[in-house]
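Have the sequence and the 3D view open while you read.

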Amino acid sequence: HTDPADYIRQTIRSVPNWPNPGVTFRDITPVLQDPQAFRVLIDLFVYRYMQQRLDLVAGIDARGFIVGSVLAYELNLGFIPVRKKGKLPFKTVAEDYSLEYGNASVEIHTDSVRPGQRVLLIDDLIATGGTMVAASRLLQRLGANTVEAAAIIDLPDLGGSQAVRDTGLSVFTACT
Ligand code: PRP
Ligand code: HPA
């Protein structure tokens, strides 16, 4: 295992027909469970972002919290959560987005970022890109400068990372 991306890719578990028939779910729990894979993953992001003069890491509910908070800590940065609707107690702004069936909303605390702050947005996976685009809109509404959208896994066949790039945001993923 010399290439970090290969090691991470080999450690991710693909679960057929979950949560629905025909869907293959990419499960990151084996990466988190394996201390070597977890470190390779976090270090990949640390090396990419350590010179980027970031101010904050914003992690997306729920698996983006796991990688985002560890990365923020390693980079000596604060962490801010982008949460599913109804979870944050203080004043929030919300963005609705569409799922394959129905709609969803993400929220952020209005005081979580100051205008001009340089923020890295991170999640476990980009599928359609809807979650990442909605989260980046929240940060934009608060005046943040979102430096990049990062994820462990891209599912390029679903076009999500391209959809995020089409909004003008840079995208980095550890593997496909
Ligand atoms: C998954 C995943 C991303 C999002 C990606 O989260 O963790 O956040 O979906 O899909 P998209 O690119 O099509 O928007 P999910 O909504 O299943 O929430 P969870 O992390 O709480 O399980
Ligand atoms: N894994 C994790 N989250 C997801 C997936 C997946 O394969 N597809 C859509 N959200």
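## The model

Keep in mind that this is a predicted model.

## Who sits around ligand 2

Let's start with the shell. Ligand 2 is surrounded by Thr24, Phe25, Arg26, Arg63, Asp124, Leu125 and Ala127. Sorted by class, that makes three nonpolar, one polar and three charged residues. The protein covers 75% of the 250 Å² of accessible area that ligand 2 has on its own, and the space the ligand takes up is the largest pocket.

Which strands supply at least two residues each to this shell? They are β2 (24-27) and β7 (118-126). Of the contributors, β2 gives the most, with three residues.

At Arg63 it's the side chain instead, with an N or O atom 3.1 Å from a nitrogen atom of the ligand.

## Two cis peptide bonds

Now for the backbone. The bond from Trp18 to Pro19 is cis, with omega near 0 degrees. Pro19 belongs to the loop that runs between β1 (13-16) and β2, and β2 is the strand that gives the most to the shell around ligand 2.

The other one joins Asp61 to Ala62, again a cis peptide bond with omega near 0 degrees. Look for Ala62 in the loop between β3 (56-60) and α4 (63-74).

## Positive phi without glycine

Arg53 isn't a glycine, yet it has a positive phi of about 50 degrees. You'll find Arg53 in the loop between α3 (35-49) and β3. Is Arg53 buried or exposed? At 63% relative accessibility, Arg53 counts as exposed, because the cut-off for that label is over 50%.

Asn76 is another non-glycine residue with a positive phi, this time about 60 degrees. Its place is the loop between α4 and β4 (78-84). With a relative accessible area of 72%, Asn76 is exposed too.

Terms used: Residues numbered from 1 in each chain as written. Chains lettered and ligands numbered in written order. Predicted model: local features only at pLDDT ≥ 70, side-chain atom pairs only at ≥ 80, totals over all residues. Heavy atoms only, no water. Near = heavy atom within 4 Å. Polar contact = N/O pair within 3.5 Å; in protein donor to acceptor, adjacent residues only side chain to side chain. Areas by Shrake-Rupley, 256 points an atom, 1.4 Å probe, with all protein chains shown as cover. 1 Å grid on protein atoms, 1.4 Å probe; cavity = no way out; pocket = protein on both sides within 12 Å on 5 of 7 lines; lining within 4 Å. Sits in = over half its atoms within 2 Å of the grid points. Helix = DSSP H or I, 4+ residues; strand = E, 2+ residues; numbered from the N terminus. Nonpolar A, V, L, I, M, F, W, Y, C, P; charged D, E, K, R; others polar. Buried < 20%, exposed > 50% of the residue type's maximum accessible area, 1.4 Å probe, protein only.
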